[in-house]
Amino acid sequence: MARGIVGAVAEVLAWWAGLTAVWAVLISRADTLELAVGAGAALLAAWAARGARRAAAR
């Protein structure tokens, strides 16, 4: 059970890091608030990406 949780967290973190990096590259200049909002949006998108991948695997 713990192994599944660790895998899920690792997958979401990987998606989050990738999506945050893409977002940071696409903006021209960001302050702290923009970085926080972008990181939060990337986290939501990471959870959605994991859900979509799991649904497609069924």
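Colleague: Which residues of α1 are buried?

Modeller: In this predicted model, the buried residues of α1 are Ala8, Glu11, Val12 and Thr20.

Colleague: What covers the buried residues of α1?

Modeller: The cover includes α2, which runs over residues 32-57.

Colleague: How far apart are the end C-alpha atoms of helix α1?

Modeller: They are 36 Å apart. Helix α1 has 25 residues, 2-26, and at 1.5 Å a residue these should span 36 Å, so the two values agree.

Colleague: Let us return to Glu11. Why does Glu11 count as buried?

Modeller: Glu11 counts as buried because its relative accessibility is 16%, and the cut-off for buried is under 20%.

Colleague: What does Glu11 touch, not counting residues up to four places away in sequence?

Modeller: Glu11 touches Arg50 and Arg53. Side chains of opposite charge can pair when their charged atoms come close.

Colleague: How many salt bridges are there?

Modeller: The count comes to two salt bridges. One of them joins Arg50 to Glu11, with the closest N and O atoms 3.4 Å apart. This pair links distant parts of the chain, as Arg50 lies in helix α2 and Glu11 in helix α1, 39 residues apart.

Colleague: And how far is it from N to O in the salt bridge of Arg53 and Glu11?

Modeller: For Arg53 and Glu11 the N to O distance is 2.6 Å. This pair also links distant parts of the chain: Arg53 is in helix α2 and Glu11 in helix α1, 42 residues apart. Together, Glu11, Arg50 and Arg53 are linked in a network of salt bridges.

Colleague: Is Arg50 buried or exposed?

Modeller: Arg50 is buried, and so is Glu11. Arg53, in contrast, counts as partly exposed because its relative accessibility is 43%.

Colleague: A change of topic: which residues form the nonpolar patch on the surface?

Modeller: The patch is formed by Ile5, Val9, Leu13, Trp16, Leu43 and Trp47, and together they have about 570 Å² of accessible area. The elements that give two or more residues to the patch are α1 and α2.

Colleague: Which element gives the largest share of the patch?

Modeller: The largest share, four residues, comes from α1. Leu13, for instance, has its place in helix α1.

Colleague: One last residue, then. Where is Gly18?

Modeller: Gly18 is also in helix α1. With 34% relative accessibility, Gly18 counts as partly exposed. The C-alpha atoms of Gly18 and Ala46 are separated by 9.0 Å, although the two residues are 28 residues apart along the chain.

Terms used
Residues numbered from 1 in each chain as written. Predicted model: local features only at pLDDT ≥ 70, side-chain atom pairs only at ≥ 80, totals over all residues. Heavy atoms only, no water. Expected span 1.5 Å × (residues − 1). Buried < 20%, exposed > 50% of the residue type's maximum accessible area, 1.4 Å probe, protein only. Contact = heavy atoms within 4.5 Å. Patch = residues over 30% accessible without salt bridge, like charges linked within 9 Å, V, L, I, M, F, W, Y side chains within 5 Å. Areas by Shrake-Rupley, 256 points an atom, 1.4 Å probe, with all protein chains shown as cover. Salt bridge = Lys/Arg side-chain N within 4 Å of Asp/Glu carboxyl O.
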